[in-house]
Amino acid sequence: QRVASNRPKLQKMRNIMMEQIGGEEIISTTVANEWNSIVSSGFLDSIVPSVSEQAAIKAFFTKNYEEMSHMYKYYSAVNSGGQTHTLEYIEYTKFLQETNIFQSLQS
């Protein structure tokens, strides 16, 4: 609910930020760099061995990267005095509670 109620604010902030940081090209480059880091760590292969499932995950990240980035920044600032470079356990559990992500996966 909280994310949904803040969506108009996030969109306005996105439009302002887009003027400052660039557009789709920068987002595409960032997603590619982040994906390469994930793949090169070897962790992805250990938890998702299927190439087609990895492709689906990459497509999801590519499509939703900008919104996920905003959500990460929002929740990482909850208990960190406004700092957004780490996500603490309490912030992570707040995200899980407010988004009901595990309930939606059970459906």
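Trainee: How are H4 and H5 oriented to each other?

Mentor: Two packed helices are described by the angle between their axes and the distance between the axes. In this predicted model, where local features need pLDDT of at least 70, side-chain atom pairs count only at pLDDT 80 or more, and totals for chains, interfaces and linings use all residues, helix H4 (residues 51-76) and helix H5 (residues 89-99) pack at about 120 degrees, with axes 9 Å apart. H4 and H5 are therefore oblique to each other, given that angles under 35 degrees count as roughly parallel, over 145 as roughly antiparallel, 65 to 115 as roughly perpendicular and the rest as oblique. Residues are numbered from 1 along each chain as its sequence is written, and side-chain values use heavy atoms, with hydrogens and water left out.

Trainee: Which residues of H4 and H5 meet?

Mentor: Contact means heavy atoms within 4.5 Å, and by that rule Met71, Tyr75 and Ser76 in H4 meet Glu91, Lys94, Phe95 and Glu98 in H5. This contact of H4 with H5 has three nonpolar, one polar and three charged residues.

Trainee: At what angle do H2 and H4 pack?

Mentor: Helix H2 (residues 24-41) and H4 pack at an angle of about 140 degrees, with their axes 10 Å apart. Among the residues that meet are Ile27, Val31 and Trp35 in H2, with Ile57, Phe61 and Tyr65 in H4; the residues of this contact divide into seven nonpolar, three polar and three charged.

Trainee: What is the volume of the largest pocket, and which residues line it?

Mentor: A pocket is an open set of points on a 1 Å grid, where a 1.4 Å probe fits, with protein on both sides within 12 Å along at least five of seven lines, and lining residues have an atom within 4 Å of a point. The largest pocket has a volume of about 510 Å³, and its lining includes Val31, Trp35, Phe60, Met68 and Tyr72. H4 gives the largest share of that lining, seven residues.

Technical notes
Axes fitted to C-alpha atoms, helices over the stretch in contact; angles between N-to-C directions. Helix = DSSP H or I, 4+ residues; strand = E, 2+ residues; numbered from the N terminus. Nonpolar A, V, L, I, M, F, W, Y, C, P; charged D, E, K, R; others polar. Points joined across faces, edges and corners; volume = space filled by probe spheres on them.
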